[in-house]
Structures are given as C-alpha cells and as structure tokens.
Amino acid sequence: MGRRRVIGIAVVAAVLAVAGACSSSDDEAGGAPDEATTTTTSEPATCEPEAVEVASAPVPGSTSDVDVTSFDGTTIRAHWFPVEGATGPSPTVLMGPGWGMAGDTDVDAVGVLGAVNIATLRGAGYNVLTWDPRGFGESGGSAQVDSADFEGRDVQQLLSWVAARPEAQLDATGDPAVGMVGGSYGGGIQLVTAAIDCRVDAIVPIIAWHSLGTSLYKDDTYKQGWAQILSAVASRATLDPIITQANQQGLVNGVLTDEQKEWFLDRGPADAVAGIDAPTMVVGGTVDTLFTLDEDVTNYRMLRDADTPVSMYWFCGGHGTCLTEKGDPQRMVDRMVQWLDRYVKRDESVDTGPRFDFLDQDGARYVGDDYPLPAGEPITAEGSGTLELAVGGGSGPATVPAGKEDVLSGVAGDIIPSPAARSVEVPIPVDREAMVLGAPELTLTYRGSVAEGDRPTRLFAQLVDRTSGLVVGNQITPIPVTLDGQEHEVEVPLEVVAHKVTPESDLVLQVVATTTLYGVPRLGGTVDLTTIDVSLPTVTGYRPA
C-alpha cells in the first residue's frame with residue numbers, strides 16, 4: 001500500500017487577498033435559494049488568466065509524482081492521479097493535506113477528519129492532484145502558514161500545470177475546470193486560492209478557519225494544548241522561524257508578542273473571504289476545539305453576504321473526538337461530490353441540498369433554509385459562587401470510552417474538556433423540548449484578586465450535560481477578567497453548540513480556573529462571582545433531514 005496520509009491538523013490560516021493572475025466577473029447570486037436548496041443556474045465566470053509556462057519534471061521511479069517549479073524557484077512535489085479509463089479530458093480536483101503532512105498518495109485510503117479520498121473523487125469522474133505544501137514532505141522552502149504570497153502562489157502554479165495536462169478539461173485556455181477539497185490546512189489553502197485566482201470553480205473547505213485571532217488565540221488566550229500537538233506534527237518540517245518562536249513564547253508567558261500576533265493575523269482569511277466568488281460548501285465539526293464552529297459561521301456569513309453560492313454542513317468530528325453519536329458519515333461525502341458536480345461539472349440537474357445541514361448530540365440530522373435559523377425563546381439561568389484560582393480540578397482531560405476512539409483520540413485525547421471537579425456551577429432548568437443552536441451568552445459580575453505575575457488573568461466556561469457526563473460539544477471558552485479587587489462585569493459569547501434538550505435534560509454551566517485546552521493562566525487567589533447569567537439560544541424553522 002502507498003503512503004497513507006491523513007488530513008492532519010492545521011495550525012494557522014491563509015492571508016488577506018493579493019492581486020491575482022486573472023480577473024473574474026461575479027458568478028451568480030447566492031441569496032436565499034428557492035425551496036431552501038443551494039442549487040441555482042449559472043454560466044461560467046469570465047476568467048482570463050495570464051499565460052504562464054510552468055517548469056516541471058517527473059520524479060524517477062514514480063508514475064504519479066512530479067516536481068513543479070513555483071514562482072520563486074521553490075520545488076513543489078505534486079502527485080497526479082488522472083481518471084482511469086477516461087475517453088477524454090476530465091475535470092480536476094486539487095486536494096491539499098493537513099498541517100505538517102505531505103500530499104496524499106494512497107488512492108484507497110479511508111478519508112478521515114471529514115476527508116473524501118482519491119478513489120472516491122476519481123470514481124466520480126475527477127482527476128485528482130495532491131501536493132506537498134512548501135516546507136512539508138518533499139517540497140522545498142519553509143512553511144509560511146498558507147500565505148497567499150507563498151502557498152497561494154504555489155497553488156496558482158499547480159493550476160497552470162494542470163491546465164497543460166492533456167487529461168484535464170478546460171473552461172478556457174489556461175483555465176482548467178477545477179474544484180478544491182481538503183481539511184484543516186488543506187481547507188485554509190482553498191480559501192486563500194479562491195480569493196486570488198478566478199480559475200477555481202468551487203471549493204469545499206473542511207474544518208478550516210477564519211482567523212487565528214479567534215481560533216488558536218481566542219481573546220488573547222493561548223490555545224496551548226493544540227499548539228503543542230501542532231508543533232509535534234511539524235517537528236520534521238521546515239518552518240518559518242517565527243512559528244517556533246511564537247510557540248515558545250506562548251509556553252513561557254501565555255501570550256504572544258505584538259510582532260508575533262500580527263504575523264499570524266496577517267495569515268488569516270479574514271476579509272479575503274468576502275472576495276471569494278467560487279461556490280463554497282463550508283464544512284464544520286461540532287466537536288472541533290481547534291477551529292470551532294464559530295470560524296465556519298463567520299466564513300459562511302461573509303460568503304452569503306457577498307452573494308456567493310454557499311452552504312454549510314456540520315458533522316460530529318474535526319479537530320476533536322466525537323464522544324456522542326456521529327450519524328451517517330456517507331451523507332457528507334455524497335454532499336461534497338454533489339457540490340463539485342454542480343459547480344465544477346456545471347451539471348444543473350444536481351440538487352446540492354439545503355443551505356444549512358446539521359446534527360445534534362444523538363446523531364439526528366436536521367436541515368434549515370439559512371444560518372442563523374429563526375430564534376426561539378432562550379433558556380436562561382442565573383447563579384453565583386466563589387472560585388478558587390488553583391491548579392487541579394479543572395476541565396479535562398476527558399475519558400474516551402471504548403468504541404469512540406479515532407485517529408485523534410490518542411493524540412488529542414488529553415486536551416478534550418471534561419466536567420470539572422473545581423468549579424462554580426449554575427444549573428440550567430429546561431421546561432420544554434428545544435434545539436439549542438448557536439453561541440450561548442454569558443454575563444459575569446465579579447470581584448477578585450490574584451498573585452502577581454506575567455501570565456494573563458482568565459476564567460473558562462463550559463456547558464455540561466450531566467446525563468451523559470460530557471461537556472456539550474467538547475467546547476470551553478476563555479473569559480478575560482480583571483482581578484484587581486474591584487467589581488467588574490464581562491459579557492462573552494460561548495462557543496457555538498448544537499444540542500437537543502427536553503425537560504429531562506440535566507444541564508449545568510461550569511466556570512473553572514484551568515483547562516487542558518488552554519495555557520495555565522495566573523493563579524493564586526479567588527474570584528467572587530456575584531452574578532452569573534447564562535442564556536442558551538434556541539431556534540425554530542428546522543426539520544428532520
């Protein structure tokens with residue numbers, strides 16, 4: 001069997017858009033679709049790429065590997081898998097790997113973390129191109145974190161290389177009929193490339209992100225658990241030195257320098273998402289603790305507001321282990337292929353399904369016309385208490401029960417949040433059946449003091465389902481606090497969740513001092529939480545899938 005490559009894990013994101021090598025007109029309006037589907041009619045976008053000759057050389061001893069020379073002379077190792085037995089040119093899909101990984105070369109590997117594999121894509125009639133991003137595998141250069149100026153331009157060279165393949169169907173000279181798939185780091189590069197190159201006809205970014213400022217460094221809180229895993233994954237890669245420096249800085253001080261923060265923020269999709277007109281299927285993981293659902297929601301809203309054809313699909317997976325019910329995993333694979341068929345093959349007979357598709361903790365799947373769904377009456381609770389700021393008894397690690405293990409549980413199991421032994425708890429009574437969907441709101445009035453030190457002052461909040469003994473969605477949220485002995489108030493949205501409740505539900509909010517997911521904040525003191533108000537959003541307008 002060839003090298004088995006998993007999608008892996010992404011640490012950082014794509015940069016703001018830069019001037020591309022082609023120009024495009026708007027594709028089609030992506031407003032509210034008829035009958036709650038994303039299927040529309042369209043004509044190919046006007047795309048006039050510059051003529052680019054790409055130097056390449058086959059790799060001796062391989063039938064699929066080729067070295068492509070990028071814009072700056074860096075060698076990018078690519079892997080080409082044309083459709084077997086095709087009678088003519090076929091459309092192509094580019095599939096990027098996860099952070100620290102080389103491109104997939106195992107045709108029959110089982111897709112993980114939401115991936116679709118090479119065999120499935122070829123069976124659907126697509127040539128597949130995978131590649132080793134710069135700094136990883138057999139490619140040269142140093143990883144620049146899905147930078148549009150580097151990794152984005154690398155993929156532009158790959159697009160030009162594909163356009164010269166006799167097996168590749170073209171929309172126009174130099175413009176291949178092409179879509180992109182891939183998860184994590186391989187999702188971020190899709191957002192980068194689609195923002196700078198009009199030749200990309202459709203993308204399916206899986207468990208991608210919007211910004212490191214809201215994902216790996218939420219509220220200036222270092223997500224140390226994932227940072228350590230990502231560093232280990234890329235231990236043999238060639239990285240830009242600032243990546244390693246920032247990780248060490250976060251470990252020692254719990255915060256990044258302004259220079260480090262700015263470097264990473266410059267490499268997030270952010271506003272570039274609004275410039276994407278390639279139809280986009282946003283795929284998010286309900287238990288993803290690296291790139292949480294909030295990242296997907298932000299990208300979805302920006303694409304929808306830009307009139308880009310867009311849908312959003314949630315599954316129980318991602319950068320995390322599904323400890324509840326997964327539902328039908330094949331449904332997502334089918335939806336991805338349908339999206340490509342509709343917008344890369346331009347088959348208008350394909351129904352890409354409802355705009356919003358999600359599941360609850362029991363694996364039951366629902367659909368809706370848009371996100372957010374119409375609001376229902378929120379579920380609220382209030383309480384108070386005193387929290388000791390001490391090591392031990394915080395959130396995590398969770399115990400992964402038998403039968404729930406996956407490719408990540410052995411790597412990331414130690415950072416999954418769990419019910420805490422040391423916390424202030426607020427029971428949340430439920431008087432009706434409802435779907436809790438979205439970001440709960442938490443307001444704290446507090447007064448506290450803490451020992452002197454350089455580390456940031458933080459609390460953390462999570463919802464716990466005491467019936468299952470699990471943290472809802474495996475999600476925990478950092479809360480910046482000022483501990484100077486004076487009274488303060490802070491209002492924060494918690495991480496987005498999808499959780500069905502009934503009057504039998506036993507939910508509780510926990511406010512804790514530490515968690516294995518984030519770095520240890522400054523400790524040695526207490527916080528009096530004089531008022532704790534929590535509001536869980538409920539929705540209407542959804543229906544069983």
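1. The model is a predicted one. The S to S distance for cysteine 316 and cysteine 322 is 2.0 Å. A disulfide is a covalent bond linking the sulfur atoms of two cysteines.

2. How many disulfides does a search of the whole structure find? The search finds two. Besides the bridge already described, a disulfide joins cysteine 47 to cysteine 198, with an S to S distance of 2.1 Å. The torsion about the S-S bond here is about 75 degrees, so the disulfide of cysteine 47 and cysteine 198 is right-handed.

3. Cysteine 47 sits in the segment before strand 1 (56–58), and cysteine 198 sits in the loop between helix 3 (185–196) and strand 9 (200–206), so the pair ties together parts that are 151 residues apart in sequence. Cysteine 47 and cysteine 198 are both buried.

4. Next, a residue away from the cysteines. Alanine 461 belongs to strand 18, which covers residues 458–465. Its relative accessibility is 1%, so alanine 461 counts as buried. In sequence, alanine 461 and valine 511 are 50 residues apart, yet their C-alpha to C-alpha distance is 4.5 Å.

5. Which residues is alanine 461 in contact with, leaving aside neighbours within four places in sequence? They are Leu442, Gln475, Ile476, Thr477, Ile479, Leu494, Leu509 and Gln510.

6. Glutamine 510, one of those contacts of alanine 461, is in strand 23 (residues 507–512). Is glutamine 510 buried or exposed? Its relative accessible area is 2%, so glutamine 510 is buried.

7. The side chain of glutamine 510 has a polar contact, at 2.8 Å, with the side chain of glutamate 425. Not counting residues up to four places away in sequence, glutamine 510 also touches several others, including Pro419, Ala420, Ser423 and Val424. Phe460, Ala461, Gln462 and Val464 are among the residues touched by glutamine 510 too; of these, Ala461 lies in strand 18.

Definitions and conventions: Residues are numbered from 1 along each chain as its sequence is written. This is a predicted model: local features need pLDDT of at least 70, side-chain atom pairs count only at pLDDT 80 or more; totals for chains, interfaces and linings use all residues. Side-chain values use heavy atoms; hydrogens and water are left out. A disulfide is a pair of cysteine sulfur atoms within 2.5 Å. Helices (H or I, at least four residues) and strands (E, at least two) are DSSP runs, numbered from the N terminus. Buried means under 20% relative accessible area, exposed over 50%, partly exposed in between (1.4 Å probe, protein chains only). Contact means heavy atoms within 4.5 Å. A polar contact is a pair of N or O atoms within 3.5 Å; within protein, one must be able to donate a hydrogen and the other to accept it, and residues adjacent in sequence count only if both atoms are side-chain atoms.
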